[in-house]
Amino acid sequence: MIPDAPTLLLLGLLGGLLALDATSVGQFMLSRPLIAAGLAGMIAGNMEGGIVVGVLMEAIHLAVLPVGAARYPEAGPASVAAAGAFAGAPESSQVALLASVVFMLAWGWLGGRSVEWMRRLNARIAVPAEGPVDPATVEALHLRAIGVDFARGVAMTLAGLLVLGTLLETLGWIPFREQWTRPALALSAAAALASSLRLFGRRRLPLFAAGAAAGAVLLGLR
Amino acid sequence: MSELPRPVRRAMLLRSLAVQGSWNYQTLIGTGLAFVLAPALRHLYADDPARLRASVARHAELFNAHPYLAVLAAAALARLEADGVPPETVARFKNAIRGSLGSLGDRLVWLMWRPACALLMVALLLAGAGWWIAVLAFLVSYNALHLWMRAWGLRAGWRDGLLVARALREAPFERLGERAGDAGAVLAGFAAVLALGWGGERGWAYAAVGAAALVAGIALGPRIRWVAAVALTAILVAGVVLHNNP
């Protein structure tokens, strides 16, 4: 659902700041999907919804490595857009949850492409001309590039909120078979979490199995 | 060699947080490195504007490093400038360290530390902890290493200059990465099983499908992202199409 104008503004600013946190400024990892979606849900008035969207995306985003010039999806603005739009959906709407997660995956990919576009642009606007250069010039070029990244994050977030909000309002009246959704999301999240073992190395499979056993015990006790 | 004044060091440390602000496909973080170095260069060449401008231009050329270790390079470069090392030697030094600063940081932070801390956050949440607690645990554990690396890099780079490779060898990066990998593997298994529980289903059939999902996740690795995207999209479409066609 499309939030009201003040909420849109706040979510846009949050998306811009989290886009900066991902690469340009800080890298404190406030832009992780679970944090970004939780904050967006809080702003949009449905923190619980934001956390559910965020934890699913966090699981799927775990194995993304932002190494050098590699292409990778961008989580922050996509998470803010998905959680912000999902916040207005009816609490029990599994179709809205599923659509938000699918959208977040697609929007994160698009965000990654926009980062590539910005890096090509930076080669034109943020690299000083050859020859001696004043430090103030370098500082101005650098800060301009940071400004472009912030604007890109705001734009990605606002566009995402409008696109997903419209989609969710349409899906709201489309009949949907709900009973598959939650198990499917849980299985996807579990598989994604398990896939992170590949980062640590398969030789650590016994440690993974020990953790899984501890998880099974906890589930049995509930 | 005297220390860099505290305000200069503080400015370099703060600026290092934005070293990737102008990342581009031509000079990578070259402009960012010059941005971080600028306070030190202004201090060193306060009486020689021509040398200052020439030095800034040299350091704005192609460079890359892991962002948390870029400040190590910046501090070492400041030390070389302060020692009057010839520009050709400085250029060779930059070429020599950029590969190791990238691979060391990538392996420790992106491959081990960050996933392990993120898994801690997810595991805490799925185990029933509040969102604030899970997020706080992640931010504190992750940024403890992050901020230590920046502060250590600034000190070690200035202290060791050309010999900075020694500091890199002596730093506990390898050991930290190993321990983070161990913890991450345990947390991955723990969180994956708790995520299955979130599905709300019971019984042996669901448990078998869940076990198959874990095996598939391990087998697919990072490709799981695309498989999950296709599967969830198919379920979304099927849920709409099949609603009236049971």
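Glu58(A) is buried, and Arg32(A) is buried as well, where buried stands for under 20% relative accessible area, exposed for over 50% and partly exposed for what lies in between (1.4 Å probe, protein chains only). The two residues form a salt bridge whose closest N and O atoms are 2.6 Å apart, a salt bridge being a side-chain nitrogen of Lys or Arg within 4 Å of a carboxyl oxygen of Asp or Glu. Because Glu58(A) lies in helix H3 (residues 47-61) and Arg32(A) in the loop between helix H1 (5-24) and helix H2 (33-44) of chain A, the pair ties together parts that are 26 residues apart in sequence; helices are DSSP runs of H or I with at least four residues, numbered from the N terminus.

This is a predicted model, in which local features need pLDDT of at least 70 and side-chain atom pairs count only at pLDDT 80 or more, while totals for chains, interfaces and linings use all residues. Residues are numbered from 1 along each chain as its sequence is written, chains are lettered from A in the order in which they are written, and side-chain values use heavy atoms, with hydrogens and water left out.

**Salt bridges between the chains**

- Over all chains the count comes to 15 salt bridges, and between chain B and chain A the count is five.
- Glu178(B) forms a salt bridge with Arg203(A), with the closest N and O atoms 3.3 Å apart.
- Glu178(B) lies in helix H8 (residues 173-198) of chain B and Arg203(A) in the loop between helix H8 (197-200) and helix H9 (205-221) of chain A, so this pair joins two chains.
- Glu178(B) also forms a salt bridge with Arg204(A), at 3.0 Å between the closest N and O atoms.
- Asp182(B) forms a salt bridge with Arg204(A), the closest N and O atoms being 2.6 Å apart.
- Arg203(A) is exposed at 56% relative accessible area, whereas Arg204(A) is buried at 2% and Asp182(B) is partly exposed at 22%.
- Arg203(A), Arg204(A), Glu178(B), Arg179(B) and Asp182(B) are linked in a network of salt bridges.

**The contact as a whole**

- The contact (heavy atoms within 4.5 Å) takes 99 residues from chain B and 98 residues from chain A.
- Chain B and chain A bury about 8600 Å² between them, 72% of it on carbon and sulfur atoms, buried area being the accessible area (1.4 Å probe) that two parts lose on being put together, summed over both.
- In chain B, Trp131(B), Trp198(B) and Arg225(B) lose the most area to chain A, together 10% of what that side buries.
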